[in-house]
Amino acid sequence: MSTTHGLIGKSVKRVEDRRFITGHGKYTDDIILPGQTYASFVRSPYAHAKILSVDTNAAASMPGVVAIFTGADVENVNGVPCGWQVNFKNGHHMKEPKHPLLVADKAKHVGDAIAIVIAESQAEAVDAAEAIVVEYEELPAIVDASKAVEDGAPQVHDSAPNNICFDWALGNPIEEVDAAIAASAHVTTLDFVNQRLVPNAIEPRAYNASYDQYNDKYTLYTSTQNPHLIRLLMCAFVLGIPEHRVRVVGPDVGGGFGSKIFHYTEEALLTWCTHKLRRPVKWTSTRSESFLLDAHGRDHITKADMGFDASGNITALRVKTYANLGAYLSTFASCVPSYLHGTLLQGLYTTPKINIDLVAVFTNTTAVDAYRGAGRPEATYLLERLLDLAAHEMNMDPAELRFKNFIPPFDGVTQPGYQTQVALQYDSGNYHGVLEKGLAMLGYEDFRKAQKEAANNGKLLGVGFSTYIEACGIAPSAVVGSLGARAGLYEVGHVRVQPSGKISVYTGAHSHGQGHETTFAQVVADKLGLPMEDVEIVHGDSEAVAFGMGTYGSRSLAVGGSAIIKSLEKVIEKGKKIAAHKFEANPEDVDFVEGRFVVKGTHHSAPFSDIALRAYVPHHYPAGLEPGLDFSSFYDPANFTYPFGCHIAVVEVDKETGKVQLTRFVAVDDVGNIINPMIVEGQIHGGVVQGVGQALFEGAEYDENGQLTNGSYMDYCMPRADDFPMIETASQVTPCPHNPLGVKGAGEAGCIGSTPAVVNAVIDALWSGGHKVKDIRMPLTSERVWRAMQQ
Amino acid sequence: MQLTGNHVVEASPAKVWALLMDTDTLARIVPGVTKLEKIDDTTFKSTLGVKLGPVSAAFNGNLQMENVMEEKGFTLKIQQNSKVGNASAAIEISLTPLEETKTAIAFNGDVKLSGMLATMGQRLIGGVANTLSKQFFSNMEKELLP
Amino acid sequence: MSIRINVTVNGVAFSHEVEPRLLLVNYLRDVLRLTGTHVGCDTSSCGACTIHVNGKATKSCTMLAVQADGCEITTIEGIAPSDDELHPLQEGFRECHGLQCGFCTPGMIMTAADILQNNPNPSEEEIRVGLEGNFCRCTGYHNIVKSVQYAAHKMKEVTV
Ligand code: FES
Ligand code: FES
């Protein structure tokens, strides 16, 4: 039996692992239902083309074909909606062109779906889809966001002139920022691209929709990060079917990283088809389709100026960004470059004047939405690149420059939170602490010596810093509501005490690798003084869990965990009443200590299981005391949480070839209190590798016709095991002052901090060899680094 | 993608021209052709099989000659469709007499790929195009042998 | 046109009529319903489908079911000595948190088993190079490397 208390802060091994390591996980594609049919799609090979005709005749008579539907069939069905409304600077609503389930008139990106074929087997569906003949008239395509706004550029949607979805600004008045920049002793300017990434969860998206006509009940199995949100969006906005007739299950999900938050057209289309056919319909994306369809990440074109006074204090920051949204507005696409990006431009610094000007643009490319970090990596990249570059330009030490500009430590309890220039109020922070710790782990002084020596011997070593902050624990509903979110971002936690005293916990958060079944059970077992095996965590099924907003934005523990705590408090309160009744004491005189209800000052006590049983066998209950021990709570956070940290990368650059080798990576993260250090570390490792992936390997490449030219694992360079050293991690703990667990969230930290650290390290290596390079476009391939050295 | 190259063959422009204008010969010398059908003087319907690394595909479509200048050259417009994506191209082909029995054949044009051909094939197409044009000329030389 | 194949999977003999184009991975998943072997790509790049064919790690998406006729196959479901025990690698992955979403895990374990079979004492570098054909998007590989080291250690203890 595991220890009954003190579980918080322990690296408990994961409960869910047993099924995964033995091959018994259950992912959506593993499910085959009685009467199963299979779907395959006809997709546009062109980025922009009129659809002149679709001939399904030959296909319809092929073996095994059950049905074929085209754009014309779903013309009266709504498109998939966007969940966050952002307004133009002039107050008008952003442009929201329809994203239809199948396109009838015009394909707007490669992969746009034109027809769906449903057949008895997967192979027959694919064969028939290939027999459908589509006649296209190819139109000129637009790929680059900054060019898409120019007059005369191809128009993706007639309803969005100049391809602009919205424009937006945040921060201090631009005149003030301009003046502060103009008055600065030094200005560092960067023109750069934060390139487009393909999320690449290793499990491809998969859906299986079925309809039981006798009970008028739909079931959708979906590889999603948030089953309830999918049900809400699909029922209320797309298909108009009542929610209580629809069960959405997100079973085991093989990684998400944002890409499985969104409501995709295939989810709604399959649900629509199963109703027509009265048979289950299943579709699993091929990897080639994933590359073309799963919402991509990043894709910003930015110009940024940071001003400094003569002694290196930041005076102002001015940012102009074009954000590429792709061909359609994905579920949260609008808030990523705006509210999740612009609001983080304060970073860890006391910058007194900040302004961001943003244009969000449609192009003939795959939709772009939240990808691990979502907006915050872009903000961090911008700030941290500027800081290191400014240090080089002003001949200062990059660590010193940061210390000089850090916001001083504040705990958010005895000292107030820090009000930024860009709307947010940070909860608590000790930014000096993480950098000091990072420098010590690195052995900074020794490194600089080694670097000099190496340079004398013709070798290029570099170190790069990134001290980041993120807004997590998404999100206080009132705040996001005022910013345009069309949903509240609370979470639901339901604690059901079984008569035997065992606990079932139902959470609206969803685990797709994060280990909720372990972490949440640790919290519950610790609070109730029970062994972990007495606690079961249920998630991912709209029928089991009352409601939920799902998992993204490093929110599960901070928001979902807090909801569970609220319910646990109610359980204990009620338990005290039952115990008081048992011992004929006053409820106020009952304490709950280490798993027992104790009457103060007496030797009367009862274990939790005894009270649980009494709750369900309520003989001789007094009036007013209800049987049962079962509570549900909604927790709406008071603020975002603000994890932060310091990432330091060390690289060696080959002078002859430009090849970059990452030799060390130090990550000091402050994610508030930690429930399970093993799991938190794992999150950091994974995030760091993804972030380094952006810096060194990954990037979606489009040609000028809108064709994704590296849409497979043969050409899109995924980070591999042999690209990395062991990652050196450490933590600092500054508790979150406004949630009961004091936690801040750890899912995105690694991915946010690491990218600029690596790029800064490469730039530092080049400066050490006398190459005063300002920027190299990511990913930093050997060729690009080599070219930069030749300038 | 730009497609350019040239080659010198041991034959008079008239002989080369006659070859290029004959459907049956063309079907023999263009690599990958499984069927070539003359629709009218300047239009052909074709079926081609091409392998591009991992992607091998059967193409259906049209070949069309424009700006035909007897024994001097023409523009070949290609529109080929397949399950894995489509290819379209406009290629200028010109014949220059060098000696009595020597002709330089030059080609120059732009090829556009779409769909899976573009996502998976782009990286390889340069090499494949090179091989195909080499094959084309060596086939032509065989035809020209007495 | 179907072709009859005879295979032994995790010690059990099977005989089935299969279509000539059926991939081995689909035979395992859809016909035998051994869904622990996963599909992560269509270019034989990700390694999620790795199994053992005649004792050697093989990407089951690169093989047709008919090619497996007469072969001995082991999948993740059959790598442990019994239903109640774990293979040292399975144990290693759990002890060292070598998995998060678990999707790459079966393939990782099967590949790692092959590495250890050929080299019971691999260095960190050798493990990393050996796993180069298996993608993991969650763990950053750090703990996977540790898991393999754990298993290598454990397997030595057992054999001594
Ligand atoms: S599915 Fe076999 S290698 Fe990816
Ligand atoms: S654990 Fe998720 S891909 Fe490896």
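## Cis peptide bonds in chain A

A:Pro779 lies in the loop of chain A that runs between helix H18 (749-768) and helix H19 (782-790), where helices (H or I, at least four residues) and strands (E, at least two) are DSSP runs, numbered from the N terminus. The peptide bond that joins A:Met778 to A:Pro779 is cis, and its omega is about -10 degrees.

A cis peptide bond also leads from A:Ile474 to A:Ala475, with omega near 0 degrees. A:Ala475 sits in the loop of chain A between strand S18 (460-469) and helix H13 (477-482).

## Basis of the model

The model is predicted, so local features need pLDDT of at least 70 and side-chain atom pairs count only at pLDDT 80 or more, while totals for chains, interfaces and linings use all residues. Residues are numbered from 1 along each chain as its sequence is written, chains are lettered from A and ligands numbered from 1 in the order in which they are written, and side-chain values use heavy atoms, with hydrogens and water left out.

B:Glu71, a residue other than glycine, has a positive phi near 60 degrees, and its place is in the loop between strand S4 (55-69) and strand S5 (73-82) of chain B. B:Glu71 is partly exposed at 34% relative accessibility, in a scheme where buried means under 20% relative accessible area, exposed over 50%, and partly exposed in between (1.4 Å probe, protein chains only).

In chain C, the loop between strand S1 (3-9) and strand S2 (12-18) holds C:Asn10, whose phi is positive, near 50 degrees, in a residue other than glycine. With a relative accessible area of 25%, C:Asn10 counts as partly exposed.
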